Amino acid sequence: MTPAAGTSVSRRAGAAAGRRRRPPLPVVAAAAAVTLGTLIPLGFVVVMTVATGWETAVKLIVRPRVGELLANTVALVVLTVPLCIVIGIAAAWLVERTRLPGARFWSLVLAAPLAVPAFVNSYAWVGVIPSLSGVGGGTLVSVLSYYPLVYIPAAAALRRFDPALEESAASLGLGRWRTFRRVVLPQLWLPITGGSLLVGLHLLAEFGAFSMIRFNTFTTAIMEQYQSTFNGAAANMLASVLVLLCLLMLLLESRIRGNARYARLGSGAAGKPAALPLGRYRLPALAAVAALAVLALGVPLGSVLRWLYAGGTEVWNWPVIGQTLLQTLGFGVAGALVTVVLAFPVAWLAVRHPGRFTKLLEGTNYITSSLPGIVVALAFVTVTISLVRPLYQTVPVVIAAYVVLFLPRALVNLRSGLAQVPHELEETAQSLGRPPLTVFFRVTLRLTAPAAAGGAALVFLGIANELTATLLLAPTGVNTLATRFWTLSSEIDYSGAAPYALILILLSLPLTYLLYTQSRKAAGQ
């Protein structure tokens with residue numbers, strides 16, 4: 001190669017690198033606009049706190065009622081999160097690393113409770129134990145609803161685990177328990193911290209499950225204040241405390257997680273871990289897994305079927321059920337499509353042009369989406385009434401709230417999909433004279449379609465089960481399966497609510513299975 005040719009190649013490579021370093025302005029503007037839109041709830045909390053005034057805010061926050069709610073919330077988190085960790089890790093270990101009879105079957109069954117909304121779980125347990133209430137009831141319902149958030153990523157991590165690490169520990173004289181504690185458990189640190197964060201945020205955001213068992217939390221108190229005073233200062237101050245708790249939880253998870261990396265270095269491929277014999281613990285382990293499945297999945301399904309039997313054919317009001325199902329599907333499909341489209345600019349910048357600015361955009365979306373649905377709904381209610389009153393209680397506002405709540409579900413999937421699309425393909429297509437927009441639709445979009453579909457499915461699942469934001473923002477006369485179920489169950493019409501609970505579960509099961517299969521594919525299985 002001549003010096004001139006080498007210089008030409010270098011210049012072309014430098015020009016290509018320069019183009020990659022300078023993202024298209026329209027994409028940057030779109031990503032920034034999406035991020036600014038998701039900041040509406042956080043801005044609402046700040047503005048309302050300032051508008052209330054320091055003295056009034058202190059009086060509303062420093063009072064016995066807030067202390068009671070804080071004590072309930074802390075107790076719930078302190079009890080539920082460790083239990084979810086223990087149950088999730090133990091269940092993942094049994095089905096992935098031992099010779100548990102029917103391990104493949106149990107691995108799917110133990111993930112299935114994720115398809116049962118927490119408020120449906122609470123409804124089922126109230127039917128079994130009518131006196132269920134307080135911290136104990138809240139912990140029971142929460143653990144059975146949210147342990148899969150730890151179990152699924154922990155099981156995926158155990159599938160990827162390199163057995164050479166355990167073999168090295170055994171050669172150094174470590175027993176099974178010490179090997180698990182000192183070798184295996186550190187490899188599960190990321191699933192533990194990430195799953196714990198998700199559990200904690202769900203606990204702060206949950207309304208229906210705790211309201212049904214008469215357990216007071218910040219979310220239930222905010223809803224009560226909203227219904228009695230409509231956007232009063234007391235509800236806004238409770239929302240500010242709730243947002244502060246969410247941000248503190250995000251910060252705590254980040255500090256605990258740290259920057260450690262858990263990757264295998266060296267030649268060759270990781271081997272497949274050998275299944276360990278259970279010996280005399282075989283039957284107790286099988287009984288424990290079966291008991292967990294019965295409590296987390298059997299009780300909700302059994303309770304729903306019992307109420308359906310008690311109600312007879314009269315509870316199947318097909319015109320209303322059909323209309324509610326169509327409205328749920330409409331909200332879910334529209335919300336999923338809009339969310340995926342709006343997540344594309346942020347995901348594309350994060351993958352193709354990583355840097356401080358793009359990290360800020362991406363991180364902001366994760367922070368704002370951690371806010372509870374009640375806070376997001378209050379923000380949109382206030383903004384629409386104050387600034388754009390014609391949009392109050394309209395479908396576009398509902399969809400906007402869904403975007404704020406569920407954007408990261410699409411963002412995570414799109415990031416992984418875009419990362420697998422070689423940017424050289426895009427550059428080659430542009431070098432052949434194709435406009436950037438044509439390249440996006442013919443190359444990038446086609447290759448990221450599976451990831452986009454997975455993200456849309458997860459967003460749809462979240463929208464179908466969303467309760468508080470839909471209750472506050474949906475147009476009058478419009479119901480989803482979740483809100484219709486809530487209305488009937490609040491009127492103690494448990495038989496009438498049963499069809500909607502069953503349809504919700506049946507609608508969520510395929511999407512939960514999709515999440516389960518994606519985790520196995522990520523682990524190479």
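Residues are numbered from 1 along each chain as its sequence is written, and side-chain values use heavy atoms, with hydrogens and water left out. Because the model is predicted, local features need pLDDT of at least 70 and side-chain atom pairs count only at pLDDT 80 or more, while totals for chains, interfaces and linings use all residues.

**Overview. A protein with 25 helices and zero strands.** Helices (H or I, at least four residues) and strands (E, at least two) are DSSP runs, numbered from the N terminus. Of the 525 residues, 51% are buried, with buried meaning under 20% relative accessible area, exposed over 50% and partly exposed in between (1.4 Å probe, protein chains only). Take the contacts (heavy atoms within 4.5 Å) with a separation of 6 or more: 84% of them join residues 24 or more positions apart. The protein exposes about 24500 Å², and carbon and sulfur atoms supply 67% of that; the areas come from the Shrake-Rupley method with a 1.4 Å probe, and for residues only the protein chains shown count as cover.

**Close-up 1. R65, E68 and E224 sit in a network of salt bridges.** A salt bridge here is a side-chain nitrogen of Lys or Arg within 4 Å of a carboxyl oxygen of Asp or Glu, and the count comes to two. One pairs E68 with R65, their closest N and O atoms being 3.6 Å apart. These two are three residues apart in helix α5, so about one helical turn separates them. The other brings together the side chains of R65 and E224, also at 3.6 Å, N to O. Since R65 lies in helix α5 and E224 in helix α14, this pair ties together parts that are 159 residues apart in sequence. As for cover, R65 is partly exposed at 25% relative accessibility, E68 is partly exposed at 35%, and E224 is partly exposed at 40%.

**Close-up 2. The largest cavity has a lining of T73, L76, L203, L204, T217, F218, T219 and L242.** A cavity is a set of points, on a 1 Å grid over the protein atoms alone, where a 1.4 Å probe fits but cannot get out; lining residues have an atom within 4 Å of a point. Grid points are joined across faces, edges and corners, and a volume is the space filled by probe spheres set on the points. The count is one cavity of 30 Å³ or more, and the largest holds about 30 Å³ of space. At least two lining residues come from each of α5 (64-97), α12 (189-205) and α14 (218-229). By type, the lining has five nonpolar residues, three polar and no charged; Ala, Val, Leu, Ile, Met, Phe, Trp, Tyr, Cys and Pro count as nonpolar, Asp, Glu, Lys and Arg as charged, and the others, Gly among them, as polar.

**Close-up 3. T80 is a buried residue of helix α5.** Its relative accessibility is 0%. Leaving aside neighbours within four places in sequence, T80 touches T139, S142, V143, V199 and L203, all in contact with it.

**Close-up 4. Helix α7 (residues 118-128) is largely enclosed by the rest of the structure.** That's because nine of its eleven residues are buried. The buried ones in α7 are A118, F119, V120, N121, S122, Y123, A124, W125 and V126.

How values were computed: 1 Å grid on protein atoms, 1.4 Å probe; cavity = no way out; pocket = protein on both sides within 12 Å on 5 of 7 lines; lining within 4 Å.
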